Amino acid sequence: MKQYFVLCAVLVLSFSCEMPVKTSGNNGYESSSTGQIEKTEDLFVRQGGEENKYILDVNDKKYIKENGYTVWTEIGVNASSSFEKISCSMNKEYGDTDAGYGIIFLFSDEENKEYLLTVLINNKQKYCIGRLKDSSFSLIHNWTQTESLAGGNTGNGNKISVEYVTEGSHKDKFLLKINGKEETYFSDSENMRPVFKNTKWGYAAVISPFENFNTSRVRITYRKQDGESE
C-alpha cells in the first residue's frame, strides 16, 4: 500500500535560492525545499533469475513535481538482534546527475510511526546521510564531495556498505564505506540505541523536477552484494 510523506528534498545545490530554480548548466535545487516521497513496490523490479538485482526504470511524467519526488521500497529484513551489514552496488544510467539514489535501512513503522535512515549518492561524486521520522526528513550528514565515488555513468557502478561498530573508539556508530574505502562514521542523535531486529532495508531514488521524460528516463540498477570481500 502506497504511503505519502513530505520531506526535505535531497538533491545537491550549487547555487543559493529559496525555491527550486532551473538555471543553464545546473540541474540541482535547494536542499531545504520540500518534495513528495512515496513508498512503493511497483517501481523497483527484481530481475528474473537474479535474486539480488533490482532495476528502477521511470519516465512517467506524474513523478515530475516542482520540488522533486522520492520513491523507496523495502527489500529485506534485518532478522538478527544485531545489525546485518548492507552492501550494494548501484549504477545510474540515465537521469539528472544531481539527483540522489541509494539505500534505506532501520525502517520501522510500529504504531504507525515511520522511521528510517538513508545513504544517498549521486553521479557527481557526492553523498549524504539522512533520517525520515514521523513524516519529516532531515540530513544527518550534509551532501559531501568524495573522490571515493566514481562520477557519471560508471558501468559497474559504485558500491556502498553500511555496518555497525560494536567496539573501539567508534563503538555504537555506523560506518559508511564507499567502494571499499572507509568514508565516515555516523549516528542518529535522535536514536542513539537503535533496535535492529525486524527492521527493514531497501532502495531509494529521487526523481528530479528537471528530468526531461520526453526524451529520457531515470534508470538505476541496484545489486545487493552478499558475502563479498571489499
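This tour visits some salt bridges in the structure above, one selection at a time.

Before you start, know that the model is predicted: local features need pLDDT of at least 70, side-chain atom pairs count only at pLDDT 80 or more, and totals for chains, interfaces and linings use all residues. Residues are numbered from 1 along each chain as its sequence is written, and side-chain values use heavy atoms, with hydrogens and water left out.

**Stop 1.** Select glutamate 74 and lysine 39. Their side chains meet in a salt bridge, 2.6 Å from N to O (a side-chain nitrogen of Lys or Arg within 4 Å of a carboxyl oxygen of Asp or Glu). Glutamate 74 sits in strand S5 (residues 69–78) and lysine 39 in strand S2 (residues 34–39), 35 residues apart. Strands here are DSSP runs of E, at least two residues long, numbered from the N terminus. Is lysine 39 buried or exposed? Lysine 39 is buried, at 12% relative accessible area, while glutamate 74 is partly exposed at 27%. Buried means under 20%, exposed over 50%, and partly exposed in between (1.4 Å probe, protein chains only).

**Stop 2.** Now pick arginine 219 and aspartate 57, which form a salt bridge at 2.8 Å, N to O. Arginine 219 is partly exposed at 22%, and aspartate 57 is partly exposed at 30%.

**Stop 3.** Next, select glutamate 163 and lysine 85 to find a salt bridge of 3.7 Å, N to O. Glutamate 163 belongs to strand S11 (residues 158–165), and lysine 85 to the loop between S5 and strand S6 (86–94).

Definitions and conventions: Helix = DSSP H or I, 4+ residues; strand = E, 2+ residues; numbered from the N terminus.
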